[in-house]
Amino acid sequence: MCSFARKWPPEHAFSERAPTYSPHSTANSRHQDLSMKPVHGAAVAALGALALIGCGVRLTHFNGPATRRAAVQLVVEHEQPSRRLVPETQQPAAARQPVVAPKPRVPVTSAPPPPAALSPRAGGDTKGGKAGGDGLSADACLIAKWGGVWALEGPRRTRYHVDIPTPGCDQRSAEVEGDSLATFPKAHGGGPGYALGAKGSKVACLRRACAGPGLRKPALVEAPTPLQAPPNGWGLGPAPGWMEGSPLRFNSVARKAFAAGGSYEGMPPGQPLLLVFGGASVNDMLRNWALHVQRLALPYVVTCMDESLFTLAGNHGMPAAIFRGGSGEEASAGPGVVTTRWKYFRMDPRAFMTMGMLKVRFFLAFLRAGFDILCADLDVLWLRDPRPWVTGQVATSALISFADIVVSTDVTSDAAENDRASWGLAQELNTGMLLLRSSPGAAVVCEAWVDRMKQEMVSIEKLPKNMLQWWSNDQTFFNEVHMRATLDGFANPKATDAARRERAAEHLRSIDRRPARTAALDAALKRLGDMIAAGPAKAGELEDVRGLQFRSRIGCDGQHHSFAIGTFPYELFASGHTFFSQSLQLRRGFSPVAVHTTFQFCDTAEFAWGKRSRLRERLLWLVDPDSYYERVGPASEPQPEPTELEYSGFLHLDGALLDMSSWPRPYMRSEASAAIKVEGSRSFIDETLARKSDVHTMRDGPARHLLLDSFQRRLIHDALALARAMKRKLILPPLQCWSDRYWNALVRGRFPGVRADAQPLPFHCPFDHLFDNEKWAHSDAPIREHSFLDSHRVLDRDRNDSVRLVVRGAPAEARDHLGREPAVAARTLELSPGDDYAKAASALQQKGWGGAYVVKVGARSLELLCESLGSAKANAAFNKVVQRVLGIGEQIRYCDDADNRRWPGDARHPINCTWGFHRPPPLPEGSGGLLGVGASAPAACRTDAKEILAARFAEPERSWKGRGGESWSTQDRPGYLYHQYMNK
């Protein structure tokens, strides 16, 4: 790394940090001042605990009074709108002053003659501008935090935002320790004069770093070290024998692939090598990733975080690499392996950050060998060959194919997919898909990235040992390094100004000087020039070509290095939201190139439950054992529940779950009748609890979502009971949501920025939007995803070995919301209204059909059966299971902008939110059961279909308790059940 890189771990220390970035981002093109309150160890621990309780993690080590108090204080603060790292005042590119990398290149140490730091100045702040017109007095000094640089002056340490920093300005600034800038008040209250323009920024960047409490000295390059180039030179591919000089050790599969005559021999420069990273604890995710890549015949290497994975990769025929270890620069950069006591690295902050550093060191090792690399997280699946987009064969990628760096984004709509919005570069970038060219610019960014993570490790080392935390990760600091690099707003290959186009061309030519590459670049730039000259006739075609940003930063060699950065198209390199929640690609009729399982829920320290669930639903999880599809057999690792061996065959709830055309009109319900908690202002709580609406015309939002889901949830509950009676595993139906799920405020039920046509309501939603996967995985309620029978691994003879259960008088079953008709079964089992689940199971056996692979039942028949397993004892046992999977732990918060017109932006008004979900009514179990409800024996079952349906439509009684900013509905959620569940 750089000569200013700290020892391992760094000697300096700074306080624990709260999230600098939201885990995902929305459209926000302007920088916000990130003034946050300090968050100390107990508070950080409490916040992590609160986040994980919602996904079923039992955090018994967070039970101290200080932690509980911190948790209460932090809940609202944590849920504030995410803050972005973008320039504070986003000027149009044309208005920016040109920022030119100095020629000749100048070492950092030659830059500024430092003034006195933070010496009090008589007179304080001046009004109406500064002497000399530079906007600052002579005693000003520099600080940096996140993606920004500020100048401080005067006895109050008033801060001015350096809006257009010159190259290396942030590297000459003192880093603010902790997470708050509030100790430095904004000049002019943040109004006009607070942001320094081009001239003021240039003058400010000549000042030296501030000094004082809470400030860390800048990392100046005292002894510049040359940038390590590949033996063949940048961009020219690997040299013969490159493995011998590599700091990596390769398994026999990799050595064979790269050897003469091997499948990877002679990879042409510019063709990317795919890399993926992981450890043995997530080997099933790795195997799933590799199977998709192997289908596409893409060259790849598994870079291993531990010896176990290195061995495992070889056993499965995967090319793999691991650091050799030893002494020297690589050893001083940090450990060459990662260990964790958790099965899932992401939940261990120390291991996850160490993994991030090791991952980027792998990047550097391959870049320095001469490879262009396309890097992916384990939870990214390649579904199509990405090379046409990487090499410019696709017209819209003509420019990004020449960039040093191309990265994916978390944008959820096309609002950021244009030049005006910088193609998502003003938002948080997602390093789950990252193309790095073998170029000086990419190498300098990676070196700075590693160094920044090494600094962060000091904070992480101070966290409680049992802390589970994931907001501080390698992606956080990639964004910081990117945003701190100086933007050249003048260079633009799509500008009408020829001088601006030529500036961009100079940047791009410096990346790769091979004649063939230069010729291809010139041809691409000529095509752009022809489009510009054609005017309106080619305006649309020109707009579709993805643009680039040009930035520069000072490298370890003390010189300025420019780099070009672009983004992958959001529809084709898809986030979890566009693919799993919006189903954008499916509805528009194309497959993405890759999908990243982001925007999902319920990963725990044990396993990434939500990711696997979503991939199973889309038939993209390829590594389940054969037993997953057999009549009898455990589901899969990790830790399959042994009780599943007691079940044989499957029960499939199919067809439409809700048929609102047959519901009463009007159907009036209390809007809060399906909520477990309402919180916020007192007026919001009172109005919500008092309001009644017609379900058919109720506005989109949390109340409608929870109310309609309560009918869907009850059908899932009843199907579980029927499956339990028959000792069958339940195949779930496809689920619907009437509101998205998000950790901040929604906009009429949708993620901010997502248009109604991109996500019609209701939408087909993943299982983890409504349920907690981890609880189901460790329960006596075995389930399969809705697409289970569509898998090619289910044999035709099994799929056709079916029985259809119908109840006399039930309406015909309609197709589900995905358009699938209820399957015709080979045999039909007919029951009467009011027959209970035990009778249904008995009738199946009496017919001699108990060995059928699958029994199918539609919602219209299921809801006419009696909700009982035939005995109080059986009902009580089932209620106990359901209390785990549908009980007190199922708490999800929904906040909509329609209920928050005065928030965010006004701290006097709390955010108004509604929480779900109520569990469906328990089966009658007598006074000795878990819930203590019902008579000593099951109630008599109704036999009239109209009476049965009328009872299901009756509004449940709710009693609301609470004061101040929240009110709970506790009718079927006694507080002791929460403690009973959490302390199991």
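Student: What is the handedness of the disulfide between C169 and C205?
Tutor: The torsion about the S-S bond of C169 and C205 is about -90°, so this disulfide is left-handed. A disulfide here is a pair of cysteine sulfur atoms within 2.5 Å.

Student: Where do C169 and C205 sit?
Tutor: They link distant parts of the chain, 36 residues apart: C169 is in the loop between strand 3 (158-162) and strand 4 (174-176), and C205 is in the loop between helix 3 and strand 6. Helices (H or I, at least four residues) and strands (E, at least two) are DSSP runs, numbered from the N terminus.

Student: What is the S to S distance for C169 and C205?
Tutor: For C169 and C205 it is 2.2 Å. This is a predicted model, in which local features need pLDDT of at least 70 and side-chain atom pairs count only at pLDDT 80 or more, while totals for chains, interfaces and linings use all residues. Residues are numbered from 1 along each chain as its sequence is written, and side-chain values use heavy atoms, with hydrogens and water left out.

Student: How many disulfides does a search of the whole structure find?
Tutor: Five. One of them joins C141 and C210, with the sulfur atoms 2.0 Å apart. The S-S torsion of C141 and C210 is about 95°, so that disulfide is right-handed.

Student: Are C141 and C210 buried or exposed?
Tutor: Both C141 and C210 are buried, where buried means under 20% relative accessible area, exposed over 50%, and partly exposed in between (1.4 Å probe, protein chains only).

Student: And what about C895 and C913?
Tutor: C895 and C913 form a disulfide with their sulfur atoms 2.1 Å apart. The torsion about their S-S bond is about 100°, so the disulfide is right-handed. C895 lies in the loop between strand 31 (892-894) and strand 32 (913-916) and C913 in strand 32, so the pair ties together parts that are 18 residues apart in sequence. C895 has a relative accessible area of 1% and is buried; C913 is buried too, with a relative accessible area of 1%.

Student: What is phi of S583?
Tutor: Near 50°, a positive value in a residue other than glycine. Most residues other than glycine have a negative phi. S583 is in the loop between helix 15 (576-581) and helix 16 (584-588), and counts as buried at 7% relative accessibility.

Student: And K727, buried or partly exposed?
Tutor: K727 counts as partly exposed, at 31% relative accessibility. Phi of K727 is also positive, near 55°.

Student: Last one, strand 28. Why is it largely enclosed by the rest of the structure?
Tutor: Because five of the six residues of strand 28 (residues 802-807) are buried.

Student: In what sense does strand 28 pair with strand 29?
Tutor: Strand 28 and strand 29 (residues 827-831) pair in the parallel sense over five bridges, and two strands pair if DSSP finds at least two bridges between them. L829 in strand 29 is the bridge partner of L805. Strand 28 also pairs in the parallel sense with strand 30 (residues 854-858), over four bridges; there R804 stands opposite K856.
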